[in-house]
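Please look over the sequence and the structure below before reading on. The report that follows takes up selected contacts and surface features in turn.

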Amino acid sequence: MGQRTWTAVDDYFGGLLVEEDEALAAAHTDAEAAGLPAHQVAPNQGKLLHLLARIRGARTILEIGTLGGYSAIWLARALPAGGRLVTLEVDPHCADVAAANVPRAGLADVVDIRRGPALDLLPQLTDLAPFDLVFIDADKPSNPHYLEWALRLTRPGSVIIGDNVVRDGAVADPDSTDPRVQGVRRFTELIAVHPKLTATALQTVGSKGYDGLVMALVTD
């Protein structure tokens, strides 16, 4: 088994269970046409984020790392009337693509795209806190810092999700010098010892290859 099988299984379940409409398909296509890196979540992963937000009953969502807005659309569609999603993007080109994709999905009044380094923007969000769900999908070396801010901007019952934490299995290598792996390991270790978090991690295979995510619940 390998990538071909993983993709075929994703296609099978996606065809049955994942409703990727014209706006979502266009968001994916336009991001590719604009030359954005293929880092957006797969359709079934986007649906998972959507379901987690609905299960949580989220009214406010923070996303760190917008890319072309694909995951933002999935998450924003889980919000009830009056809900709000704030998404942070450092790359102006990515933010421009997202700024076209989000309104096409009918979410211009729901999604607030903020441009600039996340660590500069996060202190500006205290008046909007607490957030019910935080999705961290940006530069991995900064993940420990993003976790610190996620904890400041959430409350008991909030959910924090970190994407791309398996790194093709490299996360298990304590001797890795890759700053992305080091960032993910520190992020996970901080979650593991934090007295107000309970968490788990899942490995995933599929059309996006071999990776995984961490999910944490703020308990206190």
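## A salt bridge between a strand and a helix

Aspartate 96 is partly exposed, as its relative accessible area is 43%. The model described here is a predicted one, and in this model aspartate 96 forms a salt bridge with arginine 115, with 2.8 Å between the closest N and O atoms. Because arginine 115 belongs to strand β3 (residues 111–115) and aspartate 96 to helix α5, the pair ties together parts that lie 19 residues apart in sequence. Arginine 115 also counts as partly exposed, its relative accessibility being 44%.

## The packing of helices α2 and α5

Helix α5, which spans residues 92–104, has an axis that comes within 9 Å of the axis of helix α2 (residues 22–33), and the two cross at roughly 165°. That angle makes α2 roughly antiparallel to α5, since angles over 145 degrees are counted in that way. The crossing in which α2 passes α5 is right-handed.

## Other salt bridges

Across the whole structure, a search finds eleven salt bridges. One of these joins aspartate 21 to arginine 77, whose closest N and O atoms are 2.9 Å apart. Aspartate 21 sits in the loop between α1 and α2, while arginine 77 sits in the loop between α4 (70–76) and β2 (84–89), so this pair ties together parts that are 56 residues apart in sequence. Aspartate 21 is partly exposed, at 33% relative accessibility, and arginine 77 is likewise partly exposed, with a relative accessible area of 28%.

A further salt bridge is formed by lysine 140 and aspartate 137, with the closest N and O atoms 3.4 Å apart. Lysine 140 counts as buried, because its relative accessibility is 6%, and aspartate 137 counts as buried at 15%; the cut-off for a buried residue is under 20% relative accessible area. Elsewhere, Arg56, Asp132 and Arg155 are linked to one another in a network of salt bridges.

## A nonpolar patch on the surface

Turning from charged pairs to nonpolar side chains, a patch on the surface is formed by Val9, Tyr12, Phe13, Leu16 and Leu17, which together have about 530 Å² of accessible area. Among these residues, leucine 16 has its place in helix α1, which covers residues 3–17. Leucine 16 is exposed, because its relative accessible area is 56% and the exposed class takes in values over 50%.

Technical notes. Residues numbered from 1 in each chain as written. Predicted model: local features only at pLDDT ≥ 70, side-chain atom pairs only at ≥ 80, totals over all residues. Heavy atoms only, no water. Patch = residues over 30% accessible without salt bridge, like charges linked within 9 Å, V, L, I, M, F, W, Y side chains within 5 Å. Areas by Shrake-Rupley, 256 points an atom, 1.4 Å probe, with all protein chains shown as cover. Salt bridge = Lys/Arg side-chain N within 4 Å of Asp/Glu carboxyl O. Helix = DSSP H or I, 4+ residues; strand = E, 2+ residues; numbered from the N terminus. Buried < 20%, exposed > 50% of the residue type's maximum accessible area, 1.4 Å probe, protein only. Axes fitted to C-alpha atoms, helices over the stretch in contact; angles between N-to-C directions. Parallel < 35°, antiparallel > 145°, perpendicular 65-115°, else oblique. Left-handed = near helix turned anticlockwise from the far one by under 90°.
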